[in-house]
Amino acid sequence: MFSITVRDHIMIAHSFRGDVFGPAQRLHGATFLVDATFRREQLDEDNIVVDIGLATQELGAIVSELNYRNLDNEPDFAGVNTSTEFLAKVIADRLAERIYKGALGEGAKGIAGLTVTLHESHIAWASYERAL
């Protein structure tokens, strides 16, 4: 399996509901490194997994929709604990939509899988992996 990864970052504010979250129940900020890994069994006709420039551009567009936002105030996340795991899925699903719509080029239609990883720190991160 071949893969490429592109990276961006995001800064958000949010709070959680539930005792399991302890002090994170209060409004707090988070900065995440966001990695998107694209996988395919065979390289495309240009011998690439996907155009890195387009992948970087589309990931950037997705994270910019969330960057510098208080997610507690975003209608898409009303009543939702926007955990790191949950946000990884949101970003992966939004990337998948863009792949299906052709935003990453015709060659991207051969991508078999996508993983989005949000790094909370140098010692903790969460990922969501999905097939395409």
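Me: How many salt bridges does the structure hold?
Reply: Ten. Keep in mind that this is a predicted model.

Me: What does D76 pair with?
Reply: R94. The closest N and O atoms are 3.3 Å apart. D76 lies in the loop between β3 (69-70) and α2, while R94 is in helix α2, so the pair ties together parts 18 residues apart in sequence.

Me: Is D76 buried or exposed?
Reply: Exposed, because its relative accessible area is 60%, and the cut-off for exposed is over 50%. R94 counts as buried, at 18% relative accessibility.

Me: Which residues are linked in a network with D76 and R94?
Reply: E58, E65 and R98.

Me: Where does R130 come in?
Reply: R130 forms a salt bridge with D93 too, the closest N and O atoms being 2.8 Å apart. D93 is in helix α2 and R130 in strand β5 (residues 125-131), so this pair ties together parts 37 residues apart in sequence.

Me: Switching to the core. Which residues have the most contacts inside the largest nonpolar one?
Reply: V34, F38, V50, I91 and V116. That core has 31 residues. β1, β2, α1 (52-66), α2 (84-100) and β4 each supply at least two of its residues. α2 gives the most, with seven.

Me: What does V50 touch?
Reply: Leaving out residues up to four places away in sequence, V50 touches I4, F38, A55, L104, A108 and I111.

Me: Now the strands. How many bridges join β1 to β2?
Reply: 13, and the two run antiparallel. H9 stands opposite L33 in β2. β2 also pairs with β4 (residues 113-119), antiparallel, over seven bridges. There, T37 stands opposite T115.

Me: Last one, S15. Where is it found?
Reply: In the loop between β1 (2-14) and β2 (28-40). S15 is buried, with a relative accessible area of 18%.

Me: Which side chain does S15 make a polar contact with?
Reply: That of D72, at 2.6 Å. Beyond four places in sequence, S15 touches residues including R26, H28, D72 and N81.

Conventions: Residues are numbered from 1 along each chain as its sequence is written. This is a predicted model: local features need pLDDT of at least 70, side-chain atom pairs count only at pLDDT 80 or more; totals for chains, interfaces and linings use all residues. Side-chain values use heavy atoms; hydrogens and water are left out. Helices (H or I, at least four residues) and strands (E, at least two) are DSSP runs, numbered from the N terminus. Buried means under 20% relative accessible area, exposed over 50%, partly exposed in between (1.4 Å probe, protein chains only). A polar contact is a pair of N or O atoms within 3.5 Å; within protein, one must be able to donate a hydrogen and the other to accept it, and residues adjacent in sequence count only if both atoms are side-chain atoms. Contact means heavy atoms within 4.5 Å. Two strands pair if DSSP finds at least two bridges between them. A nonpolar core is a set of buried Ala, Val, Leu, Ile, Met, Phe, Trp, Tyr and Cys residues joined through side-chain atoms within 4.5 Å. A salt bridge is a side-chain nitrogen of Lys or Arg within 4 Å of a carboxyl oxygen of Asp or Glu.
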